[in-house]
Amino acid sequence: MPDSRLPDLIARHEADLLAQWAKALSAAGATREDLMKPEELRAQCADLLGSVRQALQRGGNDITGQGWEKVRELLTEISRTRAQQGFTPTATASFVFSLKEPLFQRLRSEHAANPALLVEETWSTTTLVDKLGLFTIESYIKAREDIIRRQQEAMLELSTPVVKLWDGILALPLIGTLDSARTQIVMESLLQRVVTESTDVVILDITGVPTVDTLVAQHLLKTVTAARLMGTDCIISGIRPQIAQTIVHLGVDLTSVITKSSLADAFKVALSRRDLMVVKRKAAAAGAQA
Amino acid sequence: MERIPILQMGQFLIVTIQVDMHDRLALTLQDDLTSRISATNAKGVLIDISALEIVDSFIGRMLANISGMARILDAQTVVTGMQPAVAITLVELGLSLPGIKTALNVERGMQLLRAALGDRQADPEQDDVDAPVEA
Amino acid sequence: MPLSKRDLLPIRAETDIVMVRQAVRKACIEQGFSLVEQTKFVTAASEIARNTLEYGGGGEAALETHIEGVRKGVRIVFTDQGPGIADLEQAMRDGFTTGGGMGHGLGGAKRLVEHFEITSTPGVGTTVAIARWK
């Protein structure tokens, strides 16, 4: 649409179009005054319509093109905030699609005398608004995905508690399936705690891990190596017989790592590393008297 | 010329690396340290890297070299304070620096060096009498 | 892939590697990378910059920041007009080195980043591009 009349039409009737758009929006139930102030909505409409006009004047109707950057930014921002505010996809899309009606009305009254032109202009306008609508939905979904991803991350952090067993001894009971993303976060939060708690020994307890494949074993090994680089010893405990078998079958070399079958055994090793021991009270008292 | 200062404390040499080192600076440190070890007859070297935001293969190799050369000159080396992000990155890079002794912080590093020294000679009174001396 | 910024950094001397590291760190912080993500990416850039200097005889790095909807990314393209690498597969393997390094340069750098591309023509030069998306 190289010589479209649309930008010119928008320029001449901007205020009127905005008023009509606002009306269409409330008719479509897309205003949601509980979530958003009317003046904020009006400002968004004015911003968007203005930049659509500028984009049309500058660079045709390819909304992925250079001239449409501002419009894309605006729509992305609008969809993102709406996704966060809890607008439904329909309400978000209606925001853009509601612009159709006022535009069509305008076109109709402008080109009433020329039906061929009217059809042509209506068609190009509808494709344009459709594209903008689809872009909005796409950004909306992206924003939602982003929210989901962040929640997943938060959940991951919650699902891997680092516990302090004694001064200088930390334990990380791992429960459930370990994948790369989770191991990554586990490793980071564990090593961060190692620094803040100035830890001598860390126990990775995998009693609650159902299966260990090559990748998981390598991840564990990487955590142990990273801890060693920082100056802390790592013990892996809770290795069940079938997991020991898989580890050997997979050919993963854990010879450089201290492994214990139970958390209790690992704790004993950790205590002896710290030059500590657990004794029965009676024995201790007898020892003190002797 | 730009240099990383080396401090002497009794039988130990202490270095804290606080700048993003370019390669030549790292090599200079390697040279300086080895000559200081033999000049002072130091028995331990502590390198604190807690301020380093990255350790790439070049700096990693320098640390391994220093440790190896010091060993030949009869001194133990301990690298202290490596940041978690740096450790994770080094492991991913494939550099686990197997020959290097590490400790969480300078205090633990000194304990480690003293313990290693105590194992070898029964005269623990020799160290920590001198105040730090600028190299 | 909308480009929001592009800087050209020369790699002519050892101190330039430090400049590259610092510029990349800054870009990673701007894009909201986590500390570990930053460190991995900066380390990879350092490895490749050294490769460009040592084997490529110097060159330049184009540091680009991208914003694509909610995704943000950093991309660096290292170019040199050096002798090029005849056997890329061999060069990527751990332990292979023709210089003084441990041979972790390229292979190690590849493991640290999400996207790694290398093209090399003997006699013409080498181009390495790395990228990471948030």
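**Exercise 1.** Let's start with A:Arg12: find how exposed this residue is, then examine its salt bridge with A:Asp8.

*Solution.* A:Arg12 is partly exposed, at 46% relative accessible area (buried means under 20%, exposed over 50%, partly exposed in between, with a 1.4 Å probe and protein chains only). The closest N and O atoms of the two are 3.2 Å apart, which makes a salt bridge (a side-chain nitrogen of Lys or Arg within 4 Å of a carboxyl oxygen of Asp or Glu).

A note on the model: it is predicted, so local features need pLDDT of at least 70 and side-chain atom pairs pLDDT 80 or more, while totals for chains, interfaces and linings use all residues. Residues count from 1 along each chain as written, chains are lettered from A and ligands numbered from 1 in written order, and side-chain values use heavy atoms, without hydrogens and water.

**Exercise 2.** Work out where the salt bridge between C:Arg50 and B:Asp23 lies, and whether its partners are buried or exposed.

*Solution.* Begin with the distance: the closest N and O atoms are 2.6 Å apart. The pair crosses between chains, from helix α2 (residues 35-54) of chain C to helix α1 (residues 23-40) of chain B. Now check accessibility: C:Arg50 is buried at 6%, and B:Asp23 is buried at 3%.

Technical notes
Helices (H or I, at least four residues) and strands (E, at least two) are DSSP runs, numbered from the N terminus.
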